[in-house]
Amino acid sequence: MPKRSSNSSRVLILGGTGRVGGSTALALTNLSPDLRILVGGRNREKGAALVAKLGEGSEFAEVDIDNLKALEAYLNDVDLVIHAAGPFQRTEKCKVLEAAISTKTSYVDVCDDTSYAWRAKSLHKKAVAADVPAITTAGIYPGVSNVMAAELVRHARNQKLGEPERLRFSYFTAGSGGAGPTILATSFLLLGEEVVAYVKGEKIKLKPYTGMLNIDFGKGIGKRDVYLLNLPEVRSAYEVLGVPTVSARFGTAPFFWNWGMAVLTSLFPAEFLRDKKKVRQLVGVFDPLVRAVDGIAGERVSMRVDLEFSNGRSTVGIFTHKRLSESVGIAIASFALAVLEGSTEPGVWFPEEPQGIAIEARELLLERASQGTINFVMNKAPWMVETNAKELGLGIYV
Ligand SMILES: NC(=O)c1ccc[n+]([C@@H]2O[C@H](COP(=O)([O-])OP(=O)(O)OC[C@H]3O[C@@H](n4cnc5c(N)ncnc54)[C@H](OP(=O)(O)O)[C@@H]3O)[C@@H](O)[C@H]2O)c1
C-alpha cells in the first residue's frame with residue numbers, strides 16, 4: 001500500500017532551504033497545522049532557521065538529491081515528497097520521482113521545464129504499477145495556471161459558449177518575484193531554448209523572447225509587455241485540453257529587464273545559455289544587481305489565461321498576488337494537500353488532467369491557491385477585467 005492521507009502525514013520538502021521550498025513549508029504549516037514537515041536540504045544552518053520559524057511539527061533533513069541511498073531512507077519515512085530543488089532545466093534524470101516510485105511515496109514537483117516534465121510523464125506506467133500518485137509542474141505557473149485553463153475549457157464546453165480555438169498563457173512577475181537565485185538561472189536557461197507553440201494543431205518553433213504582446217493584467221498590474229518563452233504548460237494544455245492553438249508568454253519589470261532578456265538572447269549563442277555551468281557564472285554576475293532592483297520593482301505576480309472560441313467570443317481568468325515568493329508556496333501547498341486528500345490517481349499527471357486533480361477537487365484547489373490574491377477572477381469576458389490603469393511611475397498603477 002502507498003503511504004497517503006491523514007492530517008498528521010509526514011511531508012519532505014526537497015529544496016526546503018530555498019525560497020520556493022521554504023515558502024511551501026510555511027504555507028503547508030498554515031493550511032494544515034497537524035502535518036509533520038521535513039525541511040530537506042544540504043545547508044543545516046538555513047534548515048535550522050526555517051525549522052525554528054515553523055515550530056514543533058517540523059525538523060531538518062540533511063539530504064542531497066544526488067545521494068540516492070540517503071534520499072530513499074528519508075522517502076521511506078514520509079507520505080509525500082515535494083521536489084523544489086531546481087533548476088529542472090538540463091537535468092537528465094528524474095531521480096526524485098524514480099526514488100518516490102520505488103519507495104511508494106506520493107510525489108509533487110514544481111518543475112518548469114518541458115523536457116523534464118515529459119521525462120517525468122514517461123514514468124507514468126511505473127507509478128501506476130507501484131500505486132503512487134504523482135503530479136509534475138505543480139507550482140503557480142506552470143501549475144495553478146494549468147488548472148485555470150482546464151476550468152475555462154470545461155466551463156466553456158459545459159455552457160456551450162463555443163468550441164475553444166486558442167489558449168494563451170500570459171505571465172508577469174516584477175523583478176525576480178523575490179524568488180531565489182535558481183529562478184534567475186531558470187530564466188537564462190529558458191532563453192537558450194526554442195519556444196514551442198501550437199497553431200491550428202501544428203507544432204511550431206519560435207525564437208525566445210520575441211512575439212511581444214501588450215496584455216492587460218487588470219487590477220494592481222495594468223498593461224504589460226510579454227514575450228514568448230518555452231514553458232511546459234503549452235504542450236500539456238495542447239495535448240490534454242485539445243485546444244488547437246496554444247502559446248505562453250512572460251514579461252517582467254522594470255521594463256529594461258525585458259530588454260536585457262532580449263539582448264541576452266541575441267548576444268549569447270543558444271549553446272551558451274543551455275550550459276548550466278556557464279549560466280551559473282552569469283547568475284553570479286547578475287544576481288546582486290537583480291536583488292538591488294527587486295527592492296524597487298517589488299515582487300508582484302500575475303497570470304492571465306485567455307480562451308478564444310471559433311465564434312469570436314472569449315473568456316478570461318486572472319490571478320494576481322502582491323508577492324510571488326508567498327503565492328508560489330501557497331500554490332504548491334494546495335497541490336500537496338489535494339494529493340494527500342486522495343484527489344490524485346496513481347500515475348504521473350499534469351495539473352490539468354482530471355486524474356491528476358479530480359474535477360470536483362479543482363474548486364477547492366483554486367480557492368486555497370488564491371488565498372491572499374488581490375485579484376482572482378475566472379470565466380469573465382475580457383472587457384470585465386480591463387483596468388484603464390494609469391501609470392504613476394516606478395511601476396505603480398492606479
Ligand atoms: N512552477 C512554478 O510556478 C515555479 C515558480 C517559481 C520557481 N519554480 C522553480 O522552483 C525551483 C526553486 O526555486 P527557488 O527560487 O526556491 O531557488 P533557490 O532559493 O535557489 O532554492 C533551491 C534549493 O534547492 C536546493 N538544492 C539544489 N540542489 C540540491 C541538491 N543536489 N540536493 C538537495 N537540495 C538541493 C538548494 O539547497 P542548498 O541550499 O543546499 O544549495 C536550495 O535550497 C526552481 O527550479 C524554479 O525554477 C517553479
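Which helix is Glu72 found in? Select residues 68-75: that is helix H3, and Glu72 sits there. Before going on, note that this is a predicted model, where local features need pLDDT of at least 70, side-chain atom pairs count only at pLDDT 80 or more, and totals for chains, interfaces and linings use all residues. Residues are numbered from 1 along each chain as its sequence is written. Helices (H or I, at least four residues) and strands (E, at least two) are DSSP runs, numbered from the N terminus.

Stay on Glu72: with 16 C-beta neighbours inside 10 Å, it counts as partly exposed. Contact means C-beta atoms, placed from the backbone, within 7 Å.

Next, select residues 19-31, helix H1. Its buried residues include Val20, Ala27 and Leu28. Among the elements covering H1's buried residues are strand S1 (10-14) and helix H13 (324-340).

Last stop: Val11. Leaving aside neighbours within four places in sequence, Val11 is in contact with residues including Leu28, Ile37 and Ala336. Val11 and Ala336 have the most contacts inside the largest nonpolar core, which has 118 residues. Such a core is a set of buried Ala, Val, Leu, Ile, Met, Phe, Trp, Tyr and Cys residues joined through C-beta atoms within 7 Å. H13 gives the largest share of this core, 12 residues.

How values were computed:
Expected span 1.5 Å × (residues − 1). Buried ≥ 20, exposed ≤ 12 C-beta atoms within 10 Å, placed from the backbone. Contact = placed C-beta atoms within 7 Å.
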